[in-house]
Amino acid sequence: MNPTPALFISFKSLQENFVTLIELIGFGESFGWLATLLAGISISFLIINVMVVATAFYTWFERRMIARFQVRRGPNRNGPFGMLQPFADVLKLIMKEDTIPDEADKPVFTLAPIALLAPTLMIMIVIPFGTFLNKEAFLSNLNIGILFIVGVTSVNSIAIFMAGWGSRNKYAILGSMRGAAMLISYEIPMALGITSVLILSGSLAMTEIVRSQSVWFILVMPMGFFVFMAASTAEMSRTPFDQIEAESELGSGYNTEYSGIKFAVLFLAEFMAPIVTAAVVTTLFLGGSHGFDFLPGGIWFALKMFIVIFGLLWLRSTWPRLRIDQIMGFAWKTLFGLGLFNIFLVAVEFTLAREFNQVNNGSLTTEYMLIMAAVNWIITVAVILIMANVVGRKKYTRPEPTPSPLANMGLGEN
Amino acid sequence: MATIRTEPVTINLGPQHPSTHGVFRLRVTFDGEEIVDLEPVFGYLHRGTEKLAESRNYVQIVTLTDRMDYVASMSNNLAYVRTVEKLSNIKVPERAQYIRVISVELQRIASHLMATGFLLNDLGALATPLVYCFRERERILDLFEMLCGARITLSYMRPGGVFQDTPEEFWDSLNTLISDFPNYLDELESLITTNEIVLARTIGVGLLSDAQAIDSGVTGPILRASSVKWDLRKANPYEIYDRVNFDIPIGSSGDTYDRYYVRLQEMRESIKIISQCIEQIEPGPVRTETPFFIRPPIGETYSSIEGPKGELGFYMVSDGGISPYRCKVRAPSFINLTPLRDMITGWKMGDLIIILGSIDIVLGEVDR
């Protein structure tokens, strides 16, 4: 039903190229494993380098932007506009002494940064980046792409717990205990948000999800978007959910004992998370590489990612942090309910669409999606208003202050 | 239902910790996230100010008081010089009294801005509100620089008046600041006061009832947040506070939010006081001539002012010599820590930080 797109680069095409190369050199067919290995190494090399450099520039961008929010200038010494600052930082971290606490569980302590970085990188494999040079760009068109993402991201909580447990530091263990509780809780609303996307797209493959968005899913089901965004902000533990690090409370949380290159890797994983999350959000809700024709799809994808990243940054620079029990309550009492309600809505609407013959190749027609968008926006606004006015504000009405009778000292008259 | 056996964990919060506002140490026992016990340990910044004062003359001690509450040294100066004046019967010219009140109220604003900014920082707001607070505080420090050349350790006041008259450009800058400041406070409030997360974090947290506050000797914004209408500027008017109109803002319940909000309203009241002072001030001398070495008659006295953090008092004993026989400071930060354990026990880790932040301690004053 859909033609296989010409691939810009993929594991499969690389593997085939290596097979031809090996045959050219003169090795027999028994060296097929070598081609697979070489293709794998090349892809890993590509992802790691691109992502590390992207993260370096992202940290620069975040620091500059937050500085602007805070009426400061931000890093501006190294290179043009301070763009070489992240490289200087990494250089400094590499040259620092790599300490391991005496009482630490050394293998766990050492493995934790890698265990945190690897899944973050792996998500990029299944992201369809849109078109470059008239060729579709993705590394692997996995037919269970979104399931892969859900599975791989849940490794994060183990890695953070490893870092806290291995450090044998009370602050670190407190941070990682919070992390374990929080990350596991927020995976559920995140999965609920994803499920509603899957109902509409009818496929688990990322390319199919993008293709089915003739109307962007953020318009079709804003509630699902909010649930997913809130949950993924918590998943990468950024303000207002940055309980794992909680600088003002725990010093530095799970990475208290880390220094040198190990800290650099943790830091890298932490700052790579917004990029990866923005890529996933763009694919699931913002129509991936869809856009107007005057720019290639890849550019649109990057633009949308940039907007999502900027939104996350904005939240980070303005909002205070929630308390741990409030965060857990928000996951289980609010997001969980909203996510289920959203799935219910989308499922009912999808069933109705089938009744009215609006389903076309497993995805909905554009007209029906627009009707859905109108209905769902009204419902979402209504839900938000109800939550804000009925559930939220009532708790915060303050009584008028009356002077205490205990020590008035005759001050009432003036 | 079978429960897992858990053990309470004791954590040393500080003396090196981002949110203890200096070298303050808390030995906290946690049951999971909940605090079951807490013991404050201080003294890491003890410099023996009171003992040092015994070997300096009365003008030199002014510089020592700067280093106590180093975010509000103007108030420290005033509390000290008032005690010396009371001890040795020195009259202060009217203009000097107005300048003193203006500078002390500016200092109160600066101190409350720091308290508010760091409270938000403790709430985890990534320093953005803090930087906004500091931006305005800088303007106040610029004014101080015009007055006396220093920004933090001011030593502006002398027994008998102030060190020098205000320069001309001071009044223009002051007027601009006074006209800008209410707008700035509105801006800050729009960022903080109605923020859902701030409300959720602060309301009902760290309650201090009025009876408890009075029993533990708490003063200042913390006492007023517990709905006790007590302000030395009204109860015992010193300098020219009886000639200006202002309100005493009080809180309704004594939680962290009230402590924040009382400070914010006090800044507005301070602006009111300053603008009335600008209208009333008249030219004249700013310092009474005092001998180079002040030798107060033998005797003792206690005098106190309403500092930004509470009742700041000096108890001084004179033996007739050039330096005091004894100089005891009633430091509001130190005494405001008295109800800390009752306020914090039963709350969670994150609440501990913001309750401590809302008390607004300065370790230079706690340890002296």
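In which helix of chain B is Ala110(B) found? Ala110(B) sits in helix 4 of chain B, and it makes a handy starting point for a tour of this predicted model.

**Ala110(B) and its surroundings**
- Setting aside neighbours within four places in sequence, Ala110(B) is in contact with Val71(B), Arg137(B), Ile140(B) and Leu141(B).
- Glu138(B) lies 28 residues from Ala110(B) along the chain, yet their C-alpha atoms are separated by 8.5 Å.

**Chain B as a whole**
- Chain B contains 15 helices and eight strands.
- The radius of gyration of chain B is 21 Å, close to the 21 Å that the globule rule gives for 368 residues, so chain B is as compact as a globular protein of that length.
- The C-alpha trace of chain B spans about 80 × 45 × 35 Å along its principal axes.
- Of the 368 residues in chain B, 53% count as buried.
- Among contacts in chain B with a separation of 6 or more, 70% come from residues 24 or more positions apart.

**Where the chains meet**
- On the chain B side, 42 residues are in contact with 39 residues of chain A.
- Several elements of chain B each supply at least two residues to this side, including strand 1 (9-13), helix 4 (94-122), helix 5 (128-148) and helix 14 (349-359).
- Helix 7 of chain B gives the largest share of that side, with six residues.
- Sorted by class, the side of chain B that touches chain A has 23 nonpolar, nine polar and ten charged residues.

**The largest nonpolar core**
- In soluble globular proteins, nonpolar side chains tend to be buried together.
- The largest nonpolar core here has 199 residues, and those touching the most other members are Phe228(A), Val281(A), Leu284(A), Leu352(B) and Ile355(B).
- Not counting residues up to four places away in sequence, Leu284(A) touches Ile194(A), Val197(A), Ile209(A), Phe217(A) and Phe228(A).

**A one-sided helix in chain A**
- Helix 5 of chain A (residues 145-153) has the buried residues Gly145(A), Ile146(A), Ile149(A) and Thr153(A).
- Seen down the axis of helix 5 of chain A, these buried residues fall within an arc of 100°, so they line one face of the helix.
- An α-helix has 3.6 residues a turn, so residues three or four places apart point the same way.
- The cover over the buried residues of helix 5 of chain A includes helix 4 (106-123), helix 7 (170-201) and helix 12 (260-285) of chain A.

Methods. Residues are numbered from 1 along each chain as its sequence is written. Chains are lettered from A and ligands numbered from 1 in the order in which they are written. A residue is buried if 20 or more other C-beta atoms lie within 10 Å of its own, exposed if 12 or fewer, and partly exposed in between; C-beta atoms are placed from the backbone. Helices (H or I, at least four residues) and strands (E, at least two) are DSSP runs, numbered from the N terminus. The arc is that of the directions from the helix axis to the C-beta atoms. Two residues are in contact if their C-beta atoms, placed from the backbone, lie within 7 Å. Ala, Val, Leu, Ile, Met, Phe, Trp, Tyr, Cys and Pro count as nonpolar, Asp, Glu, Lys and Arg as charged, and the others, Gly among them, as polar. A nonpolar core is a set of buried Ala, Val, Leu, Ile, Met, Phe, Trp, Tyr and Cys residues joined through C-beta atoms within 7 Å. The radius of gyration is taken over C-alpha atoms; the globule rule is 2.2 Å times the number of residues to the power 0.38.
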